[in-house]
Amino acid sequence: MNHKLKLHRVTKAFQSEEVEIKALEDVNLEVKPNEFLCIIGPSGCGKTTLLRMIAGLDYPSSGEIILDGDRVSGPSPDRGMVFQEFSLFPWRTVLKNIEFGLKIRGMEDKERRQIAERYLELVGLQDFGNSYPYELSGGMKQRVAIARALATEPSILLMDEPFGSVDAQTRNVLQEELLEIWRRTKKTILFVTHSVDEAVYLADRVAVMSARPGRIIACMDIGIPRPRKRTSREANEIRERLLVLLGSKHQK
Amino acid sequence: MRRPTKEEGLWLVPLIIVLLLWEIIAGYVIKDPLILPRFSAVIFSIYTLRELLILDILVSLLHFGIGMTLAFSVALPMAIAMGWFRNVFRAVDPIIEIVRPIPPLAWIPLAIVWIGLNHYAAGFIIFIGAFFPILIDSYTGFRDVPRVLVETGNVLGCIGNIKLIRYVALPYALPSIATGTRVGMGVGWMCVVAAEMFGVGNSGLGYRLFQKFYFLHQMDYVVAYMLILGVLALCLDRVFRHFVEDKLFRWKKGIVK
């Protein structure tokens, strides 16, 4: 078995007032271990739905999702998820947010505190362990969300436009940090974004989706060695090609 | 530059002015203690009545305690059920909305017939008064839990209603529960006085004020008890806020001040 995650003919249809709306049609995708895969596509193409199905928060109408050889049938801590919206529990301090999954699992206080501190350090917020989410900036909140998702040691990290609601500068910093985290934890990351720039900067491979009904129209390897330069000629070329791919489907 | 420390005693000034005006108007304009007893006379009455007063305060607090405990322990489980499970809400809400507008005082005859002339009957009226504010604010809290928090819980292994309620919904709803309880305490306190006034039981602040002092036209005593009712309610509210809101909701700062 050479893939971490496999989507096989995944289709999702929503029923709304006697009309069936196809959100996703026949999506096939294989993600390799340790791969950083970005999914891009126009808004409304179902990329978030796809990620939610992998997380187990939604169910495919047909087809199957296989992670580490097991069929996904519901949410589980072996798939970490970072949402686009700020999703920290506001009544828990930063450390207690990170500990949440471990607490649910029944791990004892001391042990989970140690693990939480380790992940807090990984995202560079060791001075904010006892702060409440309202005291943090948007970028810091998302860092904590990443630490929290990683703390349960998931087999794959799913990220749904996690940097969509922070400003551009913070976004660049967070992208760099995410790459560093990825390098250190060797996680498989599935990252949904609508930003071509983000995908080209982050990904090993980019899957391009079409407008509704969403399907994967192309997969492109980003062969640029890291650390990447956002403005390099290769990056621009790849961006250009991705934009053409996205644009051609728009006209349909 | 305006310094906030200078404004700390600001509330004292109007208070003193009002009390002085009261004293002067009662003493030199109205000159009839039956219509408006002087402030100083009222303070003196409090001193005269101190032993009776303490007994009445304790009895009223007992009524209040019975009613609030009952209201809270019935309203909270119902609020969880109504706020978390859509179908329970749909099934129960019409009944709630029919019973809710009935003034608590309209329940007094039934309370007396069912329970008798005792502390529990008074407690029952307070229960009716405090129950609905607690219920409604609390179920709103449970109903409004953001989807993303529930799903975050799910992905982190917090699955199933019991775990989700315990770890996600309840902490999220706590401030609403506290607000409801605070409002319920206010309504409940008014009901204490009213229930006692109608003679449910034979002591308590309301009972004494209406059944004894008023019938004897001792208006200075009446006003003294009124003052005590106000100050006591203020204290209850402050104690509640100190122990519940300030301690429990540090995380809420920034959302509500």
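**From one leucine to two chains**

Leaving aside its neighbours within four places in sequence, A:L51 is in contact with A:L158, A:D160, A:L190 and A:V192; two residues are in contact if their C-beta atoms, placed from the backbone, lie within 7 Å. The model is predicted, so that local features need pLDDT of at least 70 and side-chain atom pairs count only at pLDDT 80 or more, while totals for chains, interfaces and linings use all residues. Residues are numbered from 1 along each chain as its sequence is written, and chains are lettered from A and ligands numbered from 1 in the order in which they are written.

A:L51 belongs to helix α1 (residues 47-55) of chain A. Helices (H or I, at least four residues) and strands (E, at least two) are DSSP runs, numbered from the N terminus. Is A:L51 buried or exposed? A:L51 is buried, because 22 other C-beta atoms lie within 10 Å. The term buried requires 20 or more other C-beta atoms within 10 Å of the residue's own; exposed means 12 or fewer, and partly exposed lies in between, with C-beta atoms placed from the backbone. A:L51 and A:M81 are 30 residues apart in sequence, and their C-alpha atoms are 8.9 Å apart in space.

Chain A also holds an open sheet of four strands, in the order β2-β1-β4-β5, with antiparallel pairing. Two strands pair if DSSP finds at least two bridges between them. The edge strands, β2 (19-31) and β5 (70-71) of chain A, each pair on one side only. Strand β4 (residues 62-67) of chain A is joined to β5(A) by two bridges, and these strands run antiparallel. A:L67 stands opposite A:D70 in β5(A).

Attention now turns to helix α2 of chain A. The buried residues of α2(A) are A:V94, A:L95, A:N97, A:I98, A:E99, A:F100, A:G101 and A:L102. Their cover includes α3 (109-122) and α4 (138-151) of chain A. After α2(A) comes A:G106, whose phi is positive, near 95°.

The contact between the chains takes 20 residues from chain A and 18 residues from chain B. On the side of chain A that touches chain B, the elements giving two or more residues are β6 (79-82) and α2 (94-105) of chain A. Which element gives the most to this side? α2(A) does, with four residues. By class, this side of chain A has 13 nonpolar, four polar and three charged residues. Here Ala, Val, Leu, Ile, Met, Phe, Trp, Tyr, Cys and Pro count as nonpolar, Asp, Glu, Lys and Arg as charged, and the others, Gly among them, as polar.

Chain B has ten helices and zero strands. Its C-alpha atoms fill a box of roughly 75 × 65 × 30 Å, taken along the principal axes. Of the 257 residues of chain B, 36% count as buried. Among contacts in chain B between residues at least 6 apart in sequence, 73% join residues at least 24 apart.

Two packed helices are described by the angle between their axes and the distance between the axes. Helix α8 (residues 161-197) and helix α9 (residues 205-214) of chain B pack at an angle of about 45°, with their axes 7 Å apart. Axes are lines fitted to C-alpha atoms, for helices over the stretch in contact, and angles run from 0 to 180 degrees between N-to-C directions. The angle makes α8(B) oblique to α9(B); angles under 35 degrees count as roughly parallel, over 145 as roughly antiparallel, 65 to 115 as roughly perpendicular and the rest as oblique.
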